[in-house]
Amino acid sequence: MKKIVISILGQDRTGIVYRVSKVLCDQGCNIMEASQTILQTEFAGIFIASMPEELTMEALKYRLEEELLSLGITVDTKEYKESTAAPVESEPFVITLRGPDRLGIIPAIAGIIAGFDVNIENLKAIGLRDDPARVVLVYEVAIPTKVHRPAFREALKWKADELGMEISIQHRDIFEAIHRL
């Protein structure tokens, strides 16, 4: 079976995941991975699915657009391509920043992360409702074992101090243990 990547964007409303997954199922596609989120009032979802050989990407996209047209949702599809790069041995960490919201925080921190060849796997920026001038940023990263962690930590802490933000860098296992309900 071939694989396809489906991106869904639009104003959030009840039933989007149901409609997308139902069309995929009805067309013989198996959802292999999915991720969706809501940012303020906007829905964003990405699905990786296997699809029958006889089904074309164009036909599937048309069927999804037909189903989601009344909701004003946009659909994009592309062929899934396996990575040819050798996997990099890494460990999962969570970097959390808290502090005043200002222009340039995300690229400042992302630049440090990229400079150490660390991959950002997930990013969440959350404005605080009780204090809209403050923000919380949570970066989930995969730190290659070859990265000099003390230098990485020091560079992040230096940038956080420069931005007037508090920073925490924890192995994901520790982060999850501390934040478990």
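This note goes through the sheet and the helices of the structure above.

1. The model is predicted: local features need pLDDT of at least 70, side-chain atom pairs count only at pLDDT 80 or more, and totals for chains, interfaces and linings use all residues. Residues are numbered from 1 along each chain as its sequence is written, and side-chain values use heavy atoms, leaving out hydrogens and water.

2. Helices (H or I, at least four residues) and strands (E, at least two) are DSSP runs, numbered from the N terminus. Four strands make an open sheet with antiparallel pairing, in the order E2-E3-E1-E4; two strands pair if DSSP finds at least two bridges between them. Strand E2 (30-39) and E4 are at the edges with a single partner strand each, so one side of each has no neighbour in the sheet.

3. E2 and E3 are joined in the antiparallel sense over 9 bridges. Ala34 has Phe47 in E3 as its bridge partner.

4. Helix H2 (residues 57-68) has 12 residues and reaches 16 Å from first to last C-alpha, close to the 16 Å expected at 1.5 Å a residue; the expected span is 1.5 Å times one less than the number of residues.

5. In H2, Leu60, Leu64 and Leu68 are buried (under 20% relative accessible area; exposed is over 50%, partly exposed in between; 1.4 Å probe, protein chains only). The buried residues fall within an arc of 60 degrees seen down the axis of H2, so they line one face of the helix; the arc is that of the directions from the helix axis to the C-beta atoms. Exposed Glu58 and Tyr62 sit on the face turned away from the buried side.

6. The buried residues of H2 pack against strand E1 (2-11), helix H1 (16-26), strand E3 (42-51) and strand E4 (74-79); contact means heavy atoms within 4.5 Å.
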